[in-house]
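Subject: Handover of a structure and notes on its features

Dear colleague,

Please find the structure below, together with my notes on it. I would be grateful if you read the two side by side.

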Amino acid sequence: MKINGATALIKSLEAEGVEVIFGYPGGAVIQIYDGLLDSGIRHVLVRHEQGASHAADGYARASGKVGVCLGTSGPGATNLVTGICNAHMDSIPMVVLTGQVPSYNIGTDAFQEADIFGITLPIVKHSYLIKDVHDIPRVVKEAFHIALTGRPGPVLIDVPSDISKTMHQFRLATEIDLPGYKPTTGGHPKQVKAAADLIRASKRPIIYCGGGVMRSGAAAELRQLAHRINAPVTTTIMGLGAFPEDDPKSLGMLGMHGTSYANWAITRADAMLAIGVRFDDRVTGNKTSFGQNAKIVHIDIDPAEIEKNIKVDVPIVGDVRDVLRALLEELDKDPSPPDRAEWYAAIDTIRAKYPLDAADGTPSELKPQYAIRRLSKLTHEDVIVCVDVGQHQMWSAQYWGFRHANKWLSSSGLGTMGFGLPAAIGAQIARPNDQVVLITGDGSIQMCIQELAVASAEKLPVKIFIMNNGFLGMVRQWQALMYNRRYSGVSLPPDAPPDFVKLAEAYGIRGMRITDVARFDQQAAEALAHDGPVLVDVRVAREENVTPMVKPGGHVHEQVEDEV
Amino acid sequence: MKMTLSVLVENKPGVLTRIAGLFARRGFNIDSLAVGQTEDPTLSRMTIVVNAAEHPMEQVEKQLHKLINVIKISHLDPDASVGRELMLIKVTVPPAKRVEIFDLVNTFRGNVIDVSRNALVAEVTGDSAKLKAFQELMAPYGIVEICRTGKAAMSRGK
C-alpha cells in the first residue's frame, strides 16, 4: 500500500518509540499535522517554537529518551534555533523536525523559506535535508541513533512540503550503515590500569564529575568509585545529583560559583579524576592554575574533549559507565582501603572557615537562598528541579542539596534565559507522576512566559517559583562588582508590569505571592500541594549577590587563597 | 607549519560545507583544499593544507572525526607522501616572445594548452615551490590570470 511522506515520517517516529512531539503548525508541515491525527503520538501545542525545542530538551533530560520537536519552515524553524543550540551545548539527545518549502522552490527565496540546514550546521550533531521520500525511514532511524549514542546531541531533519505529500511504497528501515560513525564506548585497558595506578599513588585525590555521568547513567558506579578510593567529589553544574550532597565526601559544585572548599581542594589535589566533564571556563577559571598540582585522568566519550582545554596525563575515551566499571574491577585487584584522613582534615578546615551558609538561620527579610533551601526541605525526594538562568540558578545549584541523578534540569552550557518554563513542561510530560518545581527569575520567566498557556491547557501541575528581585540579577551583580555599581539596563522594578499573579490567573493558573519570611513555609507548602499548575511570585531581597564568586578569568582558588 | 590532511568522506551534499565551516569556526585558515570522487563513487577524498601549530591541529582532526560523514583522516608526512597541484596561467605574449615562453614551459614540463594572438595559457603541475618559481618566471611577460587547483596528495606505497 502506498502512503505519503508525512505518514512515512510518523510511522518511522512511532517505530523509534516516540510518544510525544512538541510543535507548532504551519503551511510547510500541514501534511505532517494531518498525519498526526491518525497517530498515537501525542502532540503538545506550544505557543512559540522556542518553547518546543526547550520542552523537547526538558523531556529528554527527564526521561533519558530522545526529545522531539517540530516547526514549520522559515520563522518556525529559526525560532527553534536557540533550543537546538542549548541542547547541543549540554549534549542532550533531540530530533528536530522542520518543514521546508517545496523542493522545487528551494533556493528561490520562496515564502517562508530559510536555509535551516545551513543555519544550524554549527549547532547540530548531524542534519539532513530530505530530497527523496524513500529516504525518510533510513534518515529517521539514523537520526535517533546519532542523537542518543556516543556523545548525545541534536539532529535536524528538514522535510520539504512536496516530499511530505509524495505517495510511495513505504518500507521501515531496520539497518543502520554509518561508516564514519562508530563511537568508542569501552575504555582502553592500558589506560584504565594507568588510571588505577595513578589513584593508588595519590595522597590527595579528587573526583570532578559532570553531565557525562548523567548521560551514561553512571551515578551508581560513581558512588562506588568515590567510596572505593575514598576520594572527595565535586560536580559541575551539569553533574549536580550525580553524587549525593549529604555524603560527607561531597564538596558540592566547583568553579565560578562553586564552594570555596571544592575550589581549594581541586587546586591542592595531587590526582584529579575528571569524569564526563569538558573543563568549561566557568569551572576552570584561569586555566594556568586549574589543577596545577594534580596528575589528571580524563574520562569522556568524546575524543575531541580530551586535551581540548587542559593537558591530561591519562586520557580514557569511552562511555563513563563502562570505564568506571572497568576501573573498579582494576582497583579491586588491590583492595586495601586508602587512608585519606589528612586530606579530609585539610579540606574540612577550609569548609569550616568558609562554609556555604547564606541560607542558614531565618533572615529578617526574605532571602532567595533561604527560600530555595526551604523549598528543598518542603518537597519530597522525587522532585525534579528545573531552573532558568541567572542568580536563582546558581543559588539553586548551591542550596538545593541534590541527592539523586537526573533530578536537576539546567541550561548550563548556553545559559539560555527562557529555558526553564518549557523545559519544566517537557519534564512534567516525561514524568507525570513526579513533582516538577521550576525556580526562575523575574527576567528569565518573561522570555518564554507564553508557555504558561501550555501548562494550563495540558493541566500540567508544574510549581513555578519566581525569585523576584526586580533586577536582571546576575548582570546587576557583575555591574556592582566590576563596574562600580553603575547599573545599566538591569532594573525591572518589582511592582512594575507585569503583575505575575494576575498574569497567571489570565492564563488560567493559580497565582500566589509570598512577601515575608514568616509565612514562607506555609504559603510555599500550599503552592506545592495545589492540585494543578501554580505560579508563585516570591518577593526576595533586591540586591543579594551569589557568593562565593571567582571573577571571570580569575584563579579558582583566589577567593580563599587571599584570606587563608 | 604547513600540514596536509587527507580526508576520506561520504560523497553526499553538504559535506564540504560541514568541513569548511568547521575550520572557519575554529579559526583556521585553509591554505588549499582539493576534493574529488575516489575509485568508489560513494566516497570523496579531500586534501586539506592548513597552517597550524601541532596542538590545535590535533583538536581540528578530532573535531573533523566527529562529523558523521567523515570516514577517515590521514596526516600526510611530507617525506612519505606525494602531492601535486595544477596551475593554469595566462600570460601576455607578443609573437616575438612566443618561442621563448614555449621553451620555459617545456623546461617546467608543462604544456601550452591555448594560444591566441597576444596571449597563451600554460598548464604546470608540481609542488608549490615549482609553481611559484614558474609564476615568477612568467611575471615579466605580464600575467593576465592564474587559476590553481589546490594540492592533491596521497601517501607513498601501499
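The count of cavities of 30 Å³ or more comes to one. Here a cavity is a set of points, on a 1 Å grid over the protein atoms alone, where a 1.4 Å probe fits but cannot get out. Grid points are joined across faces, edges and corners, and a volume is the space filled by probe spheres set on the points. The largest cavity has a volume of about 90 Å³. Its lining consists of A:R61, A:M214, A:R215, A:M238, A:L240, A:N406, A:W408 and A:L409, where a lining residue has an atom within 4 Å of a point. Helices (H or I, at least four residues) and strands (E, at least two) are DSSP runs, numbered from the N terminus.

Please keep in mind that this is a predicted model: local features need pLDDT of at least 70, side-chain atom pairs count only at pLDDT 80 or more, and totals for chains, interfaces and linings use all residues. Residues are numbered from 1 along each chain as its sequence is written, chains are lettered from A and ligands numbered from 1 in the order in which they are written, and side-chain values use heavy atoms, with hydrogens and water left out.

The second largest pocket holds about 1000 Å³ of space. A pocket is an open set of points with protein on both sides within 12 Å along at least five of seven lines. Of the 38 residues that line the second largest pocket, A:R151, A:D302, B:Q63, B:K66 and B:L67 are the closest to its centre. The elements that give two or more residues to its lining are α5 (81-89) of chain A and, from chain B, α1 (15-25), α2 (54-66) and β4 (70-76).

Next, the nonpolar cores. A nonpolar core is a set of buried Ala, Val, Leu, Ile, Met, Phe, Trp, Tyr and Cys residues joined through side-chain atoms within 4.5 Å. Buried means under 20% relative accessible area, with exposed over 50% and partly exposed in between (1.4 Å probe, protein chains only). The largest core has 63 residues, of which A:Y208, A:F290 and A:F465 touch the most other members. Helix α12 (residues 260-268) of chain A gives the most to this core, with five residues. A second, separate core of 49 residues includes A:F22, A:V124, A:A427 and A:I509.

Over all chains, the whole structure has 10 aromatic pairs. Rings of Phe, Tyr and Trp (its six-membered ring) pair if their centres lie within 6.5 Å; planes under 30 degrees apart count as stacked, over 60 as edge-to-face and the rest as tilted. The rings of A:F279 and A:F290 have centres 6.1 Å apart and planes at 85°, so this pair is edge-to-face. A:F279 and A:F290 are both buried, and together with A:Y208 they form one aromatic cluster.

A:F471 has charged neighbours over its ring. The charged end of A:R542 sits 4.2 Å from the ring centre, and A:R476 lies over the face of A:F471 at 5.6 Å from the ring centre. A charge sits over a ring if NZ of Lys or CZ of Arg is within 6 Å of the ring centre and within 35 degrees of the ring normal.

Just after α17(A), A:G401 takes a positive phi of about 80°. In helix α3 (residues 49-63) of chain A we find A:G51, which is buried, with a relative accessible area of 1%. Leaving aside neighbours within four places in sequence, A:G51 is in contact (heavy atoms within 4.5 Å) with A:V46, A:P422 and A:E451.

Finally, chain B has four helices and nine strands. Its C-alpha trace spans about 55 × 35 × 35 Å along its principal axes. Of its 158 residues, 39% count as buried.

Yours sincerely
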